[in-house]
Amino acid sequence: MPKVTFPRMGESWRAFKILLEDLGNEVVVPPRPSKRTLDLGVRHSPEFACFPLKILMGTYLEAIEMGADTIVTTGGVGPCRAGEYAMLHHKIIKDLGHDLKMIVFEPPRLYPVNFIKNIYALNKARVSIKGIIDHIKRGWRKLQALDNAEKLSHIIRPRENNSGTTTRVYRKVLDWIDQANTTQQIIEAEASALEALHNVPHEPARPVLKVGIVGEIYVLLEPASNLEIEETLGDLGVEVERSMFLTGWTRDNTWSETTHCLTVKEAAAPYLPELVGGHGRDSIGNTILYAKRGFDGIIQLAPFTCIPEIVARTILPRVSKEYEIPILTFFLDEQTGKTGMTTRLEAFTDLMRRKKNIHAARISLTG
Amino acid sequence: MVVKVGIPSTLLYYTYYPFWKAFFNEIGVQVVTSGKTNKSILDSGVKEALADACVPVKLFFGHVMEIREKVDCLFIPRVVCLNRKTVFCPKFLGLPDMIRYSVNNIPPIIDVRMDTRQGPMSLFRAYLKIGEYLGAGKLTASYAYCKASNILNTYNSLLRKGLNPVEAIDYLENPNGKLFEHHVKTKTNLRFAVLGYPYAIYDSFINVNILDSLRKLGVSVVTAENIHPLLLAVQKNCGLPKRLFWTFSDMALKAAHLIFRQGNVDGVLHLTAFGCGPDSILNKFIEFEAKQHRNIPFMTLMIDEHTGEAGMFTRLEAFVDMVRRRKEMSACPR
Ligand code: SF4
Ligand code: SF4
């Protein structure tokens with residue numbers, strides 16, 4: 001039986017795993033990217049390949065060592081490099097002498113036949129169409145549960161009483177969600193996960209800094225690639241809101257009032273009206289929306305040589321000036337070190353805190 | 001007073017300048033270019049642009065700095081797609097915005113969007129819009145468009161005759177000049193394909209005179225621009241499941257595919273720019289092509305803002321020597 005693996009992005013593997021297993025595949029769970037993954041990836045990728053391509057290269061090679069012989073991944077139609085990843089990965093892996101099958105999902109709207117063919121190839125258990133839809137729905141529900149737990153951890157962490165508790169509890173509840181199999185179980189696991197996080201001793205009213213995180217999707221979603229920046233920020237007493245989750249973009253009620261229902265695209269339009277691939281335009285749009293919602297700062301995460309984020313980064317200083325919001329950019333690659341990052345984050349946090357205090361002082365003086 | 005439109009002499013300049021110049025002149029607008037790249041253009045570009053940007057984009061910033069104060073407006077069209085199939089590198093797509101929001105004292109920018117996927121007339125309409133912006137009537141602009149198209153055809157046929165863009169532009173500007181001069185002057189006994197983006201291959205400053213150096217070493221050069229587009233088009237996806245998304249990269253890969261298969265060159269060079277995103281993929285695929293055709297030596301050359309002419313010449317010389325020895329050896333087998 002073929003052994004299937006897939007790209008790893010944060011905790012989403014838990015959902016993809018059950019989905020693929022439900023369809024009757026043997027799954028090799030892609031390992032969490034480590035130093036070795038990066039080394040492997042860097043060694044076998046072109047020098048200026050973007051960071052996600054390199055990490056995935058390493059992940060695939062490790063999964064192959066673990067016995068995987070089929071990779072399920074997504075394609076794309078550009079304009080950015082991600083759409084060509086699969087093709088390049090496949091060629092490099094074959095060149096290294098591995099016989100490997102690559103199942104690439106192209107956007108179903110443009111390539112419906114490809115979609116059906118791929119589903120058919122993966123449907124080893126010959127599940128009925130209705131069954132497939134049910135499985136996908138369930139996988140999706142699991143993704144949502146994982147995302148919800150993560151979102152809550154971002155809120156609790158900066159307010160916790162004993163540093164490190166939230167992270168510990170969060171790791172534990174992930175396993176609860178992981179073990180849930182039916183939709184009912186997933187819902188229950190989610191509820192108890194959220195409750196457990198709420199029960200972390202914390203001070204809900206503590207005033208904290210709020211930072212929006214924008215940037216390229218892979219480095220946003222895979223903590224191993226961004227050196228757990230969200231945890232670091234949480235430990236520094238900063239609440240983060242990430243602009244991207246696999247199950248959709250954050251959309252709570254508070255912002256539709258304050259931002260006049262601007263979509264990300266509309267917000268970005270005065271600065272960058274063109275889709276430049278990846279998430280360059282979203283980075284600009286989300287920065288503006290966060291600024292309008294009164295966030296204290298923005299952090300942009302971008303892979304080294306990432307084209308769309310370079311375009312965005314070139315324009316962001318102007319946005320920063322016009323909306324009076326500090327922005328910090330990290331171009332991430334295998335050489336980025338955690339200590340350096342933490343130092344820059346501390347300085348950035350100080351800057352935001354000073355700015356906030358000055359602002360508060362001004363209000364109390366005039367008011 | 002006539003309006004002055006500034007065209008930075010890099011990126012798409014090498015592909016479309018004759019068209020643009022003819023069009024603007026015909027609607028009564030003066031064209032000002034930033035001229036050949038030089039040290040100060042490079043330096044100001046490096047200073048002004050983001051450190052993480054690729055060298056060609058930094059150069060573009062430099063060229064913009066060079067003319068921003070000499071013109072009434074800058075022509076930086078948002079060229080998305082011109083063949084209904086491939087798009088330009090995402091940095092081209094965001095070029096007008098990057099310039100507008102990160103360089104100070106920028107005159108108005110004509111950033112009309114050109115995307116032929118939006119219908120056969122979209123390019124024509126884009127130029128009518130440019131005409132309108134500059135105060136030219138529909139009729140004048142249409143006429144200018146036709147005239148410019150003719151000139152572009154002439155230009156492209158000059159390229160296919162073996163001229164490089166700089167020579168062809170020179171020739172178009174003064175047709176009585178001496179065409180093909182260098183072609184008779186130096187004798188060459190090797191033939192190389194040089195692959196890469198026009199704005200890297202033909203900018204003799206940034207690539208530290210690669211083409212001239214090769215000529216001095218007795219090597220004649222063929223580039224993707226010298227090949228008929230139909231020949232490139234029939235290469236399809238070069239044996240890959242998908243084509244490369246980006247126009248220039250796609251062209252370079254197709255040229256590589258064709259040239260390695262035809263086998264009538266003695267060596268292949270790929271000129272890649274430091275920090276270029278699409279090149280990371282393109283270069284790997286060309287390398288795979290080369291691996292299948294080991295009889296034709298292949299080398300990748302990377303250029304960046306610090307590349308020195310001496311070092312480059314040494315590398316080229318070594319490569320040329322190697323190719324020449326190989327050729328002599330295979331010519332007289334024992
Ligand atoms: S968005 Fe950035 S990281 Fe993603 S494929 Fe494009 S260049 Fe690479
Ligand atoms: S194709 Fe490469 S060199 Fe050209 S603009 Fe894009 S990234 Fe820069």
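Guide: Domain bounds, as used here, come from an automatic or database domain assignment. The model shown is a predicted one.

In chain B, domain 1 spans 4-160 and domain 2 spans 186-331; both give residues to the shell around ligand 2, so ligand 2 lies between them. A residue is counted as near the ligand if one of its heavy atoms lies within 4 Å of it. The shell holds three cysteines, Cys54(B), Cys89(B) and Cys276(B), together with the prolines Pro56(B) and Pro278(B). By class, the shell around ligand 2 has 9 nonpolar residues, 1 polar and 1 charged.

The ligand may next be placed within the cavities of the model. The count comes to 3 cavities of 30 Å³ or more, and the space taken by ligand 2 is the largest cavity. The volume of the largest cavity is about 140 Å³. It is lined by 18 residues, and those closest to its centre are Cys89(B), Phe92(B), Tyr197(B), Tyr199(B) and Cys276(B).

Two or more lining residues of the largest cavity come from each of H3, H4, helix H13 (247-262) and H14 of chain B. Of these, H13(B) provides the largest share of the lining, 3 residues. The lining of the largest cavity comprises 14 nonpolar, 3 polar and 1 charged residues. Domain 1 (4-160) and domain 2 (186-331) of chain B both contribute to this lining, and the largest cavity therefore lies between them.

For reference, the second largest cavity contains about 120 Å³ of space. Of its 14 lining residues, Leu12(B), Trp20(B), Phe60(B), Pro77(B) and Leu95(B) are the closest to its centre. The lining of the second largest cavity has 13 nonpolar residues, 1 polar and no charged ones.

In sum, ligand 2 takes the space of the largest cavity, and ligand 2 lies between domain 1 and domain 2 of chain B because both give residues to its shell.

Methods: Residues are numbered from 1 along each chain as its sequence is written. Chains are lettered from A and ligands numbered from 1 in the order in which they are written. This is a predicted model: local features need pLDDT of at least 70, side-chain atom pairs count only at pLDDT 80 or more; totals for chains, interfaces and linings use all residues. Side-chain values use heavy atoms; hydrogens and water are left out. On a 1 Å grid over the protein atoms alone, a cavity is a set of points where a 1.4 Å probe fits but cannot get out, and a pocket is an open set with protein on both sides within 12 Å along at least five of seven lines; lining residues have an atom within 4 Å of a point. A molecule sits in a cavity or pocket if more than half of its atoms lie within 2 Å of its grid points. Ala, Val, Leu, Ile, Met, Phe, Trp, Tyr, Cys and Pro count as nonpolar, Asp, Glu, Lys and Arg as charged, and the others, Gly among them, as polar. Grid points are joined across faces, edges and corners, and a volume is the space filled by probe spheres set on the points. Helices (H or I, at least four residues) and strands (E, at least two) are DSSP runs, numbered from the N terminus.
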